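Please open the model in a viewer and keep the selection panel at hand.

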Amino acid sequence: MTRPETQLDGIRPLWATIGCPLICLAVYLSGQSALADDESLRLFENEIRPILIERCSRCHGAKKQEGGLRVDSRKAILKGGDSGGVLVVGKAAGSRMIQAVRREGELKMPPDKKLSDREVAALTKWINLGAAWPETVPLLPSAITNRAAGHWAFQPVRQPDVPAVKSAGWVRKPIDCFVLSKLEKMGLSPSPEADRRTLIRRLAYTLTGLPPAPEITRLAGSSDPNWYQQAVGRLLDSPHYGEHWARRWLDVARYADSKGYVYGREERFWVHAWTYRDWVVRSLNEDMPYNRFLLLQLAADQFEDRRPDDLAAMGLLTLGRRFLGVKRDILDDRIDVVCRGTMALTVGCARCHDHKYDPIPTADYYSLYGVFDSCAERFVPLNADTAGDEAWRSELRKRQENLRTKLAASRKEWSDRTRDRVGDYLRAQTELHKYPAAGFDQVFFKTDVLPVFVRRWEDYLHNAKRGGDPVFTAWHAYAALSAESFEKEAADVTRQLLRSDKETVNPIVADALRAPPASFAEVIDRYAGVFAHINARWKSLLASNKAKPPSQLADPAAEQLRRVLYGAEAPCEVPDEPIVHTERFFDTETCEALWKLQGEVDRWIISNPQARYALALVDRPIVTHPRIFRRGNSVDKGADVPRQFLAVLAGRDRKPFSRGSGRLELAEAIIDPANPLTARVIVNRVWAHHFGRGLVPTPSDFGLRADQPSHSELLDWLAARFVAEGWSLKKLHRWIVLSTTFRQSSAGPADADARARALKADPENRLLWRISPRRLTFEEFRDSMLAASGDLDRTLGGKPADLFKQGFPKRRSLYGVVDRQFLPSTLRMFDFANPDLHVPRRSETTVPQQALFFMNHPLVLDQVRSLAKSVGTKSTPEEKVAALFQQTYRRQPTGAEMAESLEMIRAIATERPTPPATAADWQYGYGTFDETAKRVAGFTRLPHFAGQAWQGGPKWPDAKLGWVQLTGDGGHPGNDRKHAAIRRWRAPRAMTIAVRSQLVHQADPGDGIRAFVVSSRAGLLGSAKIYKQTVDLNVKALAVEAGETIDFVVDVGDDLNSDQYLWEATVSDMKASNEAAAWNSKMDFPQGTSRQLSPWEQLAQVLLCANEFLFVD
Amino acid sequence: MENLVCRRPLSRRDVLRRSALGLGTLGLMGVLGDDARRAAGADLSARGPLDGREPHFPARAKRVIHFFLNGGPSHVDTFDPKPALAKHAGKRLSGTLATERKTGAVFPSPFKFRQYGESGIEVSDLFARTARHIDDIAVIRSMYAHVPNHEPSLMLMNCGDSKQPRPSMGAWVLYGLGTESQNLPGFVAMCPGGLPTKDSENWQAAFLPGTYQGTYIDSKHQELSRLIENIEHPQISTPDQRRQLDLLARWNARHRDDRLDHRLDARIHSYELAFRMQHEAKEAFDLSREPAHIRELYGSGVHGRQTLIARRLLERGVRYVQLWHGAGQPWDNHERLEDNHRRLAGELDRPIAALLTDLKQRGMLDDTLVLWGGEFGRTPTVELGGDGNPIHGRDHNHYGFSVWLAGGGIRGGTVYGATDEFGFKAEQNPTSVHDLHATMLHLLGLDHERLTYRYAGRDFRLTDVHGRVIKEII
């Protein structure tokens, strides 16, 4: 076996190794000081060791030996490289090493950047002093290991003492001591406490993502000294807490409701995503301990005590992008979401080569790859018996059965075909380059040799070699021979094989090779012959024992061979797994047919909003033995690696996973309290959401390039307490939000000098001398807007809906569809977490397209209308303004704001003619003039106002209603007599009216129109059939009752052609003399204003657009 | 958050300085942080995400227009003449490379090649008008990709990685250089009639902030409201909206007064920009403002229209425009290639030639980089149907294909690299997509090894760990 290509040179857990050179030195000095003088050793530790590690060992270390030289041990450095010694002890001047670093000769080292004079001097001195090297350091670690050993994030979490502070009176919670002691050290003062209204608003948003409900707001005025604690308690108990923090976890989980790009044959929406989302909400609301929260997401399938819905937790693993079904990319995504999501380790970097910055070798990546590669997906109905009615369930069963039948038949077909072609697949092993990896997609027919089987055979043969499978001993022995000398050496090999016992070489194979083969091709033929024979023998045995089919062949040697064809690990067998795992085992046509059937099942489930499904992972019965893909190339396989945990965390006692895939063991290792990362990572995430920035500013990268935490001890204190107190997130929230630190004002210290000092010393506020204001996310903004108008539907859970579809759903944004392939541009514009990637922290950009959204998007305009409407019942303008402020900002307007608001309302009102009161008495619709009854039948309002006209839809003619249209001047009848254009006047009270009207038809083509004036009570009052004419249609005097209608009806002549007309009508109350008692069809027609924002709506929009609404202090 | 400023009223100069399309905030800077500072060698600390930025070194090109012939145009029928195909017509090639589908015998080009310009480079009749500009064009005949499938190859061509979600070239360029447009998106992708295969992934921002994502425009439409989202305000009159914004500005200013937050200013000004955009964007898309002879030059079809719009956008400072041929993958001519290629090229040849003429007469060709190409080329052998009979088309070919570049510092009249005798595989100077990207970035003044962004523990580049600037064509 080859040496694993990559191995950490420090095998002990890094936090347990002695990271500090000074300690090494102390150890050395106590025991070894007789061997060399102190100065020389001190020089080694302080100067030489860092130079060798940081500047030399990358090219001259364990991994690479440029010029044959290694400098990581005394022995190696003294030995020198390919061109001889580099170091003459005691004689720096004669040492090539010194010449090289001085860049005196041809050789200039290090090649990239020369050493400093100080470093050169140190090396010179060290060599002259005898090149002392402590015996306790037989081998220098690599630069990364060396650095990792001292890296803060890999040190064990210890609970530090709470520091003492001068202003003890400021302290409410332990975290205040950590924050304040730092501020005091820097000579900075914290900010005073924010006012109550601000605190309530801040709390409500940070805990629930919503503006405070009135009952929470009221606490601000309470005389209860515990008002703040009460608010925290109520908000944490609110189900909206779980929704809000779920969204934050969904960013981590790269949540989406769709699979991303898939081929047309496949359903592109997930069946199960939303059940995962609901599971996260519920778990957070129940304050499920975080360790269990993670455990279930990684391995819920392996828990006996889980609740049925807990399987939904595994959505974390299964709802990533689909990468066109290419396994290595799907698994890569899972490794990334797990390692960065839970431990802030960028393991994905090690896919192609050892991590450049962190102690994560490629081998570790493939150890985890093996874990996930040993798992298969499985759809699990969570409420199979109760979802939908019997008809739905029976249709589902039918579709599932169709899929099952076809899948079983296809599996058998292809397994049999592959067994019949063993020779072809064995031959393919000698020309593997012809069989590209998945991702190089080809169209296949039933006659083709499929690459997936070729690769399975490749793996099978590799494992046979590793495990010493007697069936293939001969194969591998011959395969080792070169083509040129094959014939010569084959005789020897054959002799040896024939001498071997049956544990080493399968006797039937040995027998087939009795005559030495002349070429490897001949070896393949012999094997093919053996398998063909065994296959035939087995088939005939089965055929002759139909009643009681045998389970094996009696002859052990034959049975051994039969298992290669039919055994559980047989490379010929299409695995018994869903199509998502097996699509490449079929020809293209079969594959598409299977996906279509799978799609029919999926779509049927999706069509039922009650049907809840989980997509779980389960361990495969046969686990895979991972191998490194060299440079990430899956067909270029390197060393075998065990499935095991990361070296940097598992340490010296690392053992391969032994239970199934190892997924549960992986999960256990992640949540092990000794794991230095997991607790630190989550408390940092929570901290970052409360304060706008983490103690560690890179929440998903705690590697060597992560900054030191701003408050290292605080991070550890939180992490340690968090674990000690049962991994409770709600407790963690309390520690934070109940602190004085969190209650500070955002304005900074009241004292101007103190503020200026703080701004200068810590402009980024990393030390928390104030609270940084927070901008609402898009989701928070939208929810707040709905809350302001009272429209917010607070129902929990369920299927997602399209937030941007006209009619605009009123549920929280959490329940909006996240379609990763067609993410609405509005979401992207507002920095929504890209659902393709694990997003530890959202960007926050300000671009004018966002402003355009606020100004012009129908979703905002709808809400603006609704908000204005919600204050419509207030009687005075002042009350309306006050109510608008209350609903949006939870405060009263200032005097200036009141005056400015009223001024705006007034200005709009004076500039714009208000629609006359009489306008309300007109309706615009279509229907039929019933010639027998002399009445109008089926009056229906026209659905769409296009600014100048009422009509069937935005397009005219409308697809359904055709040409029917009414304008201020006249209109156009519909395509037939069932679609007459009808302008309807409704009497608001009983009175006697007169009607004056003039009807004009002008167009030359066609045959003109018919017109009727019809009372709902009295029937037909007048009519005309005109073509290029003008007529008056008047009613002299008519007593009407309240609610009676007078219809002005126009329909087509004998055919539809150029039927537009003008018809102005005035209805007047004969008794009244004022203007208000006359209704004029033209004056009363909406002047392109019906959809225009009213003054109050405009004001409401300003309130929603303002920064006060969008920012939280 | 890191959003403190010593607040003072914004002067007009401040406004101008910050008023590139996107207004930066220190909030964003928190995200970009070190990454942004590393980017483009520019100090972004006080700038917006889309503000114009200095390149690493003096740029030859300021903007890019990319004709994407999605589906894969056949190189042996356009810019890579292969007389051997006629000579060996109907014969089987030995050692045919694996492609997506099965192909049969050698399939000669049904199109005639002629020499053009002083350089005498041969181009087929399909692009006869474009060919008249050949002395401004550098043809790379030795491109290669990794797999013969559309999706990964589209990703490779656009984002430099065929598998993982990575930022597109336009997004990188916007990140590196910002945009000079005050009122328009900095990166525009137009495709008439719907999205190309792989949808908006082709112009994705991936881990870069969403601001850098390409803005998609369905150029089939002519109404402005369908071209740019939220640009029109049919429900409120302009004077009313102005009054709203005045009140808003007053309230926002008051709100800002006792707060230490840079983002508040940014947001205040974004409203002013948006207000202006409503008018000026309209103008940019209004082709009726072009003289008749220019409209005539481009032609009246959808491609003429979208190309002319593209020119108007580039003229107004848009950094990167991608013009796709149409929804799906129109150039994917597995069958009846002759008819299909003729029709498709017929739609494009005139607009492309018009653009080159037009850019040149405006002096814009010097600093506008034009790229033409698909995600791969096509096989020199004929595709076989399910019954094993030829179907008069060509299969995908990622082993060798052509793209061409013009303007923006490109040495015209150049041919770089070559495929084998039949055009199957890049043989001489094989050129990776990374090389192409490195070269384009170079012309834009960006060092492809220095334009990086820290994500998930790595400093990512458009060219990953590859890429060589093709000095021979610049």
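Begin in chain B with the open sheet of three strands, which follow the order β2-β10-β11 and pair in the antiparallel sense. Helices (H or I, at least four residues) and strands (E, at least two) are DSSP runs, numbered from the N terminus, and two strands pair if DSSP finds at least two bridges between them. The edges of this sheet in chain B are β2 (103-106) and β11 (390-397); each has a single partner strand, so one side of each is left without a neighbour in the sheet. Neighbouring strands here are turned by 55° against each other on average, direction ignored; axes are lines fitted to C-alpha atoms, for helices over the stretch in contact, and angles run from 0 to 180 degrees between N-to-C directions.

A note on conventions belongs here: the model is predicted, local features need pLDDT of at least 70, side-chain atom pairs count only at pLDDT 80 or more, and totals for chains, interfaces and linings use all residues. Residues are numbered from 1 along each chain as its sequence is written, chains are lettered from A and ligands numbered from 1 in the order in which they are written, and side-chain values use heavy atoms, with hydrogens and water left out.

Next, select β2(B) together with strand β10 (residues 377-384) of chain B: two bridges join them in the antiparallel sense. Within this pair, V106(B) lies opposite T381(B) of β10(B).

Remain in chain B and move to strands β17 (residues 452-455) and β18 (residues 458-461), an antiparallel pair with four bridges. Y455(B) faces R458(B) in β18(B). Two residues lie between the strands of this hairpin, and A456(B) there has a positive phi near 50°.

Now turn to chain A, where six strands make an open sheet in the order β7-β6-β12-β18-β14-β15, with antiparallel pairing. Which strands stand at the edges? They are β7 (935-941) and β15 (1019-1026) of chain A, each with a single partner strand, so one side of each is left without a neighbour in the sheet. From one strand to the next, the twist averages 25°. Select strands β12 (residues 980-986) and β18 (residues 1045-1052) of chain A, which are joined by six bridges and run antiparallel. The bridge partner of R983(A) is F1048(A) in β18(A).

The next stops concern the backbone of chain A. Most residues other than glycine have a negative phi, and most peptide bonds are trans. The bond from M109(A) to P110(A) is cis, with omega near -15°, and P110(A) belongs to the loop between α4 (96-102) and α5 (117-128) of chain A. A cis bond also leads from W956(A) to P957(A), with omega near 5°; P957(A) is in the loop between β9 (949-951) and β10 (965-967) of chain A.

Select R254(A) next: this residue is not a glycine, yet it has a positive phi of about 40°. Its side chain meets that of D333(A) in a salt bridge (3.0 Å, N to O), the term for a side-chain nitrogen of Lys or Arg within 4 Å of a carboxyl oxygen of Asp or Glu. The two residues are 79 apart and link distant parts of the chain: R254(A) is in the loop between α11 (239-252) and α12 (273-285) of chain A, and D333(A) is in helix α15 (residues 327-343) of chain A. Over all chains, the structure holds 128 salt bridges.

Finally, display chains A and B together. Their contact (heavy atoms within 4.5 Å) takes 92 residues from chain A and 88 residues from chain B. Seven salt bridges cross this interface; one of them joins the side chains of D1113(A) and R259(B) (2.5 Å, N to O).
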